[in-house]
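Here is a short briefing on aromatic rings and nonpolar cores. Look over the model before reading on.

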Amino acid sequence: MTKNFLKNTYGLDSVEKTVDHYNQWSASYDTEIAENGYALPGRMAKAVASITQDKSVPMLDFGCGTGLSGVALKLMGFQIIDGMDVSADMLAQAQLKNAYRTLTHADATQPPPFHIGEYALITACGVIGSGAAPISVLDDLTTKLVSGNRLAFSFNDNTLADPQYAARVRHYQDTGFALIYEEYGEHLPGIDLKSTVYIIEKT
């Protein structure tokens with residue numbers, strides 16, 4: 001019988017447990033998440049496409065997992081997508097999707113390994129929050145942006161139950177970022193979970 005990883009995802013309380021969880025889940029992730037109607041990659045790809053004129057500019061899919069977000073971005077016309085994740089086993093699955101120019105294994109204990117201003121557009125689809133990366137990772141990503149660069153990310157219902165996450169979005173708006181997109185919608189209908197997609201731009 002296939003193990004149900006999804007039900008255990010939102011109780012993870014350390015970086016080590018999170019990385020181990022996703023490594024173990026990698027082989028069955030796409031199947032289990034599809035069974036629950038995973039809507040976020042398509043929603044985020046459409047959101048990013050709606051505010052992007054030049055889809056040939058290299059972009060980073062941070063926390064790309066098995067590559068579902070990269071596939072969604074490619075379907076929306078983005079041409080050069082680099083993927084990055086802390087789970088080596090998830091990256092092995094992403095490699096099979098043929099959606100990425102490069103795939104990088106990041107160290108979960110270190111800042112994201114790319115240069116400031118290297119990507120005009122970064123996505124973090126379902127990456128930050130309950131059962132995933134801490135909010136400090138989102139802060140790390142914002143420090144990599146220069147004027148005109150954009151970051152798309154999402155917070156699900158479980159994450160937004162903690163007021164620090166919505167407060168952080170307001171903090172960005174007060175410290176040199178413009179909120180250019182915000183939409184609440186389906187995330188995982190199979191477990192009745194929704195999420196908000198945000199896009200911020202460095203001013």
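Which residues form one aromatic cluster? They are Phe 153, Phe 155, Tyr 165 and Tyr 198. The model is predicted: local features need pLDDT of at least 70, side-chain atom pairs count only at pLDDT 80 or more, and totals for chains, interfaces and linings use all residues. Residues are numbered from 1 along each chain as its sequence is written, and side-chain values use heavy atoms, with hydrogens and water left out.

**Aromatic pairs**
- Rings of Phe, Tyr and Trp (its six-membered ring) pair if their centres lie within 6.5 Å; planes under 30 degrees apart count as stacked, over 60 as edge-to-face and the rest as tilted.
- This rule gives six aromatic pairs.
- Tyr 172 and Phe 177 are edge-to-face, because their ring centres are 5.7 Å apart and their planes stand at 65°.
- Tyr 172 and Phe 177 are both buried (under 20% relative accessible area, 1.4 Å probe, protein chains only).

**Charges over rings**
- A charge sits over a ring if NZ of Lys or CZ of Arg is within 6 Å of the ring centre and within 35 degrees of the ring normal.
- Lys 202 places its charged end over the ring of Phe 177, 4.9 Å from the centre.
- Lys 144 lies over the face of Phe 114, 5.2 Å from the ring centre.

**Nonpolar cores**
- A nonpolar core is a set of buried Ala, Val, Leu, Ile, Met, Phe, Trp, Tyr and Cys residues joined through side-chain atoms within 4.5 Å.
- The largest has 28 residues, and Tyr 38, Val 48 and Phe 78 have the most contacts inside it.
- Another core, of 25 residues, lies apart from it and includes Leu 60, Tyr 119, Leu 141 and Phe 177.

Definitions and conventions. Buried < 20%, exposed > 50% of the residue type's maximum accessible area, 1.4 Å probe, protein only.
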